[in-house]
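Reader: Please set out what can be read from the model that follows, giving the cut-offs behind each term.

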Amino acid sequence: MAECHPVGFQWVMEAKARGAKVIHIDPRFTRTSAVADSYVPIRAGSDIAFLGGIVKYILDNDKYFKDYVVAYTNASFLVGEGFVDSEDLGGLFSGYDEEKGSYDMSSWAYDGVDEEPAGGAGHHLGSGGPSLDPSNIKRDETLQHPRTVFQVLKRHYARYTPEMVEEICGVPPELFHEVCEAVTANSGRERTTCWVYSVGWTHHSVGVQYIRGSAIIQLLLGNMGRPGGGILALRGHASIQGSTDIPTLFNILPGYLPMPKAGDPDTFDDYLDTIRTPEQKGFWAEAESYVVSLLKAWWGDAATKGNDWCFDYLPRITGDHGTYQTAIDMNDDKVEGYFLLGQNPAVGSAHGKLQRLGMSHLKWLVVRDLNMIESATFWKDGPEIATGELKTEEIGTEVFFLPAAAHTEKSGSFTQTQRMLQWHHKAVDPPGDCTSELEFFFLLGKKLKERLADSVLERDLPLQRLTWDYSVDEKGEPSAADVLREINGRHLSGDKSGQPLSAYTEMKPDGSTAGGCWIYTGVYADDVNQAARRKPGQEQDWVATEWGWAWPANRRQLYNRASADPDGKPWSERKAYLSWDADQGKWVGPDVPDFVVDKPPSYRPPKGAAGADGLAGDDPFIMQADGKGWLYAPSGLLDGPMPVHYEPHESPVRNALHPQQASPTREVYKRQDNLSNPSGDDPGSDVFPYVFTTYRLTEHHTAGGMSRWLPYLSELQPEFFCEVSPEHARERGLEHLGWATIITARSAIEARVLVTERVVPLTMGGRTIHQVGLPYHWGVGADAVVSGDSANDLFGLTLDPNVHIQESKAASCDIQPGRRPTGPALLRLVEEYRSRAGITVETGNTLKTVKP
Amino acid sequence: MTYDPATASGWVDAPARKGFFTDTSVCIGCKACEVACKEWNAVPDDGMSFLGSSYDNTGALGASTWRHVAFIEQKKPVDLGMPSTARPGADGDGRADFRWLMESDVCKHCTHAACLDVCPTGSLFRTEFGTVVVQDEICNGCGYCVPACPFGVIDRRIGEKDTPKVGVAQKCTLCYDRIGEGLEPACAKACPTKSIQFGDLDELRERAQSRVDVLHAAGVHDAKLYGESEGDGVGGMGAFFLLLDEPEVYGLPPDPVVTTKDLPAMWKKAGLAALTLLAGAVAAFAGSGS
């Protein structure tokens with residue numbers, strides 16, 4: 001965090017000064033480790049074993065927060081008889097379909113919930129998880145029934161002992177014990193612990209399950225919905241949270257509404273049914289209001305009940321259209337054009353070669369960026385030009401470079417990881433031809449509409465009828481505040497017609513309201529840009545709800561009903577936050593209650609009640625279909641109801657827990673241009689004996705577009721380097737400040753060598769594992785102040801099935817002293833490694849490795 | 001009474017002496033100070049050289065580096081409460097405890113500043129804030145100040161003809177232009193963890209001492225101040241430090257002495273020698289006349 005988020009890290013330092021204990025668990029000793037109370041080196045790709053070990057410690061030693069767990073989680077719910085745990089099937093859960101490489105999840109359901117869970121998972125489901133009817137769920141609040149989630153969990157993690165943690169993660173038992181003690185001692189009624197993660201957890205073939213692992217720990221310890229608790233995701237950019245809320249993702253619409261899918265049935269009602277069931281508890285039951293308001297925002301008067309609010313104007317998805325599938329499709333000549341906006345896939349995406357070769361198949365490519373990044377120049381100075389794989393004169397891609405305005409040169413909002421929107425005002429005009437994204441898209445939309453104005457084709461109606469009217473200043477810049485106003489939404493009829501909505505609960509399914517993103521409703525309440533509020537912290541209470549605006553409804557802490565006990569009293573004075581005031585008949589506290597404000601703790605819904613009315617007074621997890629925190633996910637995750645340790649797709653280590661080596665549901669691409677190293681103890685795996693991981697340095701920003709063109713930043717880290725331990729350097733003859741060549745089945749790259757004791761060889765299962773650390777900021781090109789080989793060229797494409805995120809934080813490699821060959825000789829070196837390891841397109845891609 | 005260099009230099013009603021307290025125990029090595037300094041003061045880049053000195057590719061303070069963050073990777077048994085790791089699974093001959101120290105270095109703005117003493121043009125001067133500043137337009141590039149500095153801070157800028165202020169002596173001004181307007185220096189402003197603190201020197205010294213007390217109470221016995229004492233060889237530094245190890249570990253001289261300290265005595269001796277010579281010559285003449 002200190003390394004990549006130094007500004008945010010000031011609060012960690014402040015907490016530390018007040019006595020907070022900071023533990024850093026990371027394959028690499030970073031600037032964070034330097035100031036942490038303790039540092040735990042871990043093998044990249046082994047975190048679920050570590051987290052599972054903590055779960056076991058909590059359960060074995062009765063360290064869980066019993067009152068919280070019984071009341072607020074699904075610990076007491078009974079799982080159906082058909083469920084078979086991965087512990088009993090060699091690493092697979094019940095329902096695995098070897099042909100499809102996926103699960104039929106019906107056997108994972110709660111006992112008494114017969115219906116098929118809604119299809120899809122991850123982002124397809126939006127933020128509320130899958131829908132289900134909770135009314136018939138069976139419970140045992142003593143937690144003793146063998147099919148309670150609690151007992152299922154206990155059995156599932158029974159083998160995650162400290163010794164197993166050592167064998168898988170390379171963390172010695174004493175150090176592991178120290179973490180378990182610290183985390184549990186700092187949790188309970190009086191204290192809370194938070195977990196902070198970043199892409200070191202998400203960039204894995206089981207990334208979602210990493211987060212689930214910490215969710216289980218936090219729910220068991222009562223650290224969710226309470227001050228000082230939570231699981232905090234650090235983002236790689238200022239508004240990554242914003243770009244999932246108002247998504248740049250292919251499979252969701254604003255506010256985590258799922259993108260409709262092509263196929264039968266495909267009506268508006270079918271679509272709504274995939275979001276909610278009528279019997280469901282919580283606020284997703286009102287999804288129709290959110291969808292109708294969104295469609296009214298986009299198509300205005302053209303959207304009527306008679307035409308299902310123009311639902312059919314929305315494009316349909318037919319499968320995975322994520323960034324990696326798209327890059328593959330480019331290589332197969334299925335994609336004609338590509339927009340890159342502040343994105344440098346030639347350097348920043350996994351499998352750089354596949355990205356660059358893909359772009360060479362396009363008809364056109366638009367790059368909007370601050371600088372002439374490698375993705376804009378690969379056709380003349382990329383690595384494939386040097387190897388002869390590409391020839392400039394043979395590339396048909398027409399590349400348009402459009403210079404972009406920086407954030408200081410335009411107004412707008414950033415949504416940070418706390419879901420807080422903060423407005424930034426333009427400080428200076430953009431130089432030269434630079435324009436904001438907003439201006440670019442506004443003009444592009446206008447031009448498209450002009451071009452199609454006279455069309456009589458039905459397919460052009462969505463564009464013709466799209467509302468596209470924003471006020472423009474004297475320089476031609478559309479008003480970002482207008483856009484935020486549209487996102488907030490307004491009343492379309494009645495007394496308040498034209499006025500902004502103040503909360504999403506005002507949204508209606510009858511077309512009388514419009515709003516571009518239901519969860520953002522309220523950001524323009526009272527026609528005031530609430531995101532622009534900057535009341536200093538010392539002028540308000542410690543929660544500071546008058547700084548910026550956080551969705552939903554300006555809540556700073558989600559699920560904060562859980563900060564009080566089932567009766568509505570604070571769990572402790574020290575951790576008091578929200579409480580039920582019986583005299584006033586409402587929830588009170590320094591934050592906006594994440595609950596129906598006047599619903600008493602004693603409220604019990606009548607049979608059959610749905611939506612918000614279906615939530616009991618002690619159901620704090622209001623977006624879950626059953627109102628409870630999920631220790632066990634009966635549906636919604638494609639790769640299992642509980643996290644299981646699997647080895648990364650490429651690993652020099654055999655899975656110590658199961659015959660099932662890697663995730664059986666990971667998305668693999670068997671292609672000649674996407675070969676994998678052999679894994680575990682497969683023949684040839686010894687050719688790639690080391691683990692490598694990639695990361696960022698404070699001095700640079702991701703693929704370098706914002707830092708490698710700046711001399712002041714470039715001089716601080718001018719060259720691509722690899723970090724290795726002195727022991728590893730001795731083993732391979734690597735010299736400090738010399739060069740090393742790092743090789744995988746995809747490519748070979750060269751880096752300067754930094755021998756450092758910050759890299760620790762791990763002893764696990766009687767062997768020593770060396771890890772190579774690679775910052776991924778450099779790329780091959782001629783325009784930047786500094787350039788170098790790109791670490792992401794080493795990775796292939798293997799994805800998490802839930803969210804299609806690539807596994808790019810753990811893989812295997814070889815490392816040799818000296819510089820890599822250049823020209824066609826580089827390809828020969830990689831080919832020689834492939835042949836030595838016996839690599840074919842099948843290598844490493846067998847999903848099911850547990851034998852019947 | 002505390003010696004006030006501004007008053008001693010002739011300033012009347014000088015404001016309180018200003019300085020930096022750099023607390024290395026909370027430095028996270030982000031180098032925001034280096035970049036903010038260059039941005040504000042329009043200092044050019046210092047070359048794209050990979051030094052591999054841990055994460056330090058700046059090397060040292062110089063004409064084009066007015067803040068420098070040192071990174072020290074250290075094998076050492078550490079005090080309680082400080083970050084450490086033993087090599088997992090290490091047996092007897094395995095790794096000792098390890099820590100990574102970071103320190104943002106800067107011009108010390110000495111109470112007795114040799115650079116200023118030797119400057120023949122008056123380019124280097126003592127400001128009303130007690131700081132030491134180079135006036136670029138007066139400096140003739142003679143370079144006397146360069147070897148005079150006991151810390152190796154000030155340097156003449158080498159570079160191509162189009163490099164700004166080439167040939168002229170350069171160093172930290174404690175953002176003279178900013179503090180004159182009531183702002184804090186760029187580096188302190190940019191520091192996210194308050195490792196660099198700017199303020200009245202008296203107050204900073206008090207704050208620093210209480211920080212040391214806190215660290216000592218937490219078992220960090222090696223925590224010590226460097227440059228806060230008026231009794232040291234430069235009469236106390238306007239920019240002083242909290243260190244977690246001996247100054248040498250950070251590349252700082254353990255006992256810096258103003259290099260002009262002996263000048264008066266030397267002049268005295270030189271004068272005496274001259275007189276003696278003169279007397280000898282006179283005597284010689286007198287002798288020859290006899």
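Author: Two residues are taken to be in contact if their C-beta atoms, placed from the backbone, lie within 7 Å. Helices (H or I, at least four residues) and strands (E, at least two) are DSSP runs, numbered from the N terminus. This is a predicted model, in which local features need pLDDT of at least 70 and side-chain atom pairs count only at pLDDT 80 or more, while totals for chains, interfaces and linings use all residues. Residues are numbered from 1 along each chain as its sequence is written, and chains are lettered from A and ligands numbered from 1 in the order in which they are written.

Reader: Against which elements do the buried residues of helix 13 of chain A pack?
Author: A residue is buried if 20 or more other C-beta atoms lie within 10 Å of its own, exposed if 12 or fewer, and partly exposed in between, with C-beta atoms placed from the backbone. In helix 13 (residues 323–331) of chain A the buried residues are Tyr324(A), Ala327(A), Ile328(A) and Met330(A). Seen down the axis of helix 13 of chain A, these fall within an arc of 155 degrees (the arc of the directions from the helix axis to the C-beta atoms), so they line one face of the helix. The elements they pack against are helix 15 (352–359) and strand 27 (798–799) of chain A.

Reader: Which residue just after helix 13 of chain A takes a positive phi?
Author: Just after helix 13 of chain A the phi is positive, at about 60 degrees, and the residue that takes it is Asp333(A).
The helix itself runs over residues 323–331, and the residue asked for is Asp333(A).

Reader: How far apart are the end C-alpha atoms of helix 7 of chain B?
Author: Helix 7 of chain B covers residues 201–217, which is 17 residues. The expected span is 1.5 Å times one less than the number of residues. That should give 24 Å, and the model agrees, because the end C-alpha atoms are apart by 24 Å.

Reader: Why are the buried residues of helix 7 of chain B on the same side?
Author: The buried residues of helix 7 of chain B are Leu201(B), Leu204(B), Ala208(B) and Leu215(B). An α-helix has 3.6 residues a turn, so residues three or four places apart point the same way.

Reader: Which exposed residues does the face of helix 7 of chain B turned away from its buried side carry?
Author: The buried residues of this helix pack against strand 1 (18–23), strand 8 (196–200), strand 9 (224–226) and strand 10 (239–243) of chain B. The face turned away from that buried side of helix 7 of chain B carries the exposed residues Asp202(B), Ser210(B), Asp213(B) and Ala217(B).

Reader: Is Gly19(B) buried or exposed?
Author: Gly19(B) lies in strand 1 of chain B, and, not counting residues up to four places away in sequence, Gly19(B) touches His109(B), Leu201(B), Leu204(B), Gly238(B) and Ala239(B). Gly19(B) and Phe240(B) are 221 residues apart in sequence, yet 8.0 Å apart in space, C-alpha to C-alpha. Because Gly19(B) has 28 C-beta neighbours inside 10 Å, it counts as buried.

Reader: How does Leu492(A) count, with its C-beta neighbours inside 10 Å?
Author: Leu492(A) is placed in the loop between strand 14 (490–491) and strand 15 (513–514) of chain A. Leaving aside neighbours within four places in sequence, Leu492(A) is in contact with Lys296(A), Ser497(A), Ser512(A), Thr513(A) and Ala514(A). Because Leu492(A) has 19 C-beta neighbours inside 10 Å, it counts as partly exposed.

Reader: Which element gives the most to the side of chain B that touches chain A?
Author: The contact takes 33 residues from chain B and 42 residues from chain A. On the side of chain B, the elements that give two or more residues are helix 2 (32–41), strand 2 (67–75) and strand 3 (98–106). With five residues, the element that gives the most is helix 2 of chain B.

Reader: How far apart do the C-alpha centres of domain 1 and domain 2 of chain B lie?
Author: Chain B is divided into domain 1 (5–258) and domain 2 (260–290), with bounds that come from an automatic or database domain assignment. The C-alpha centres of domain 1 and domain 2 of chain B lie apart by 43 Å.
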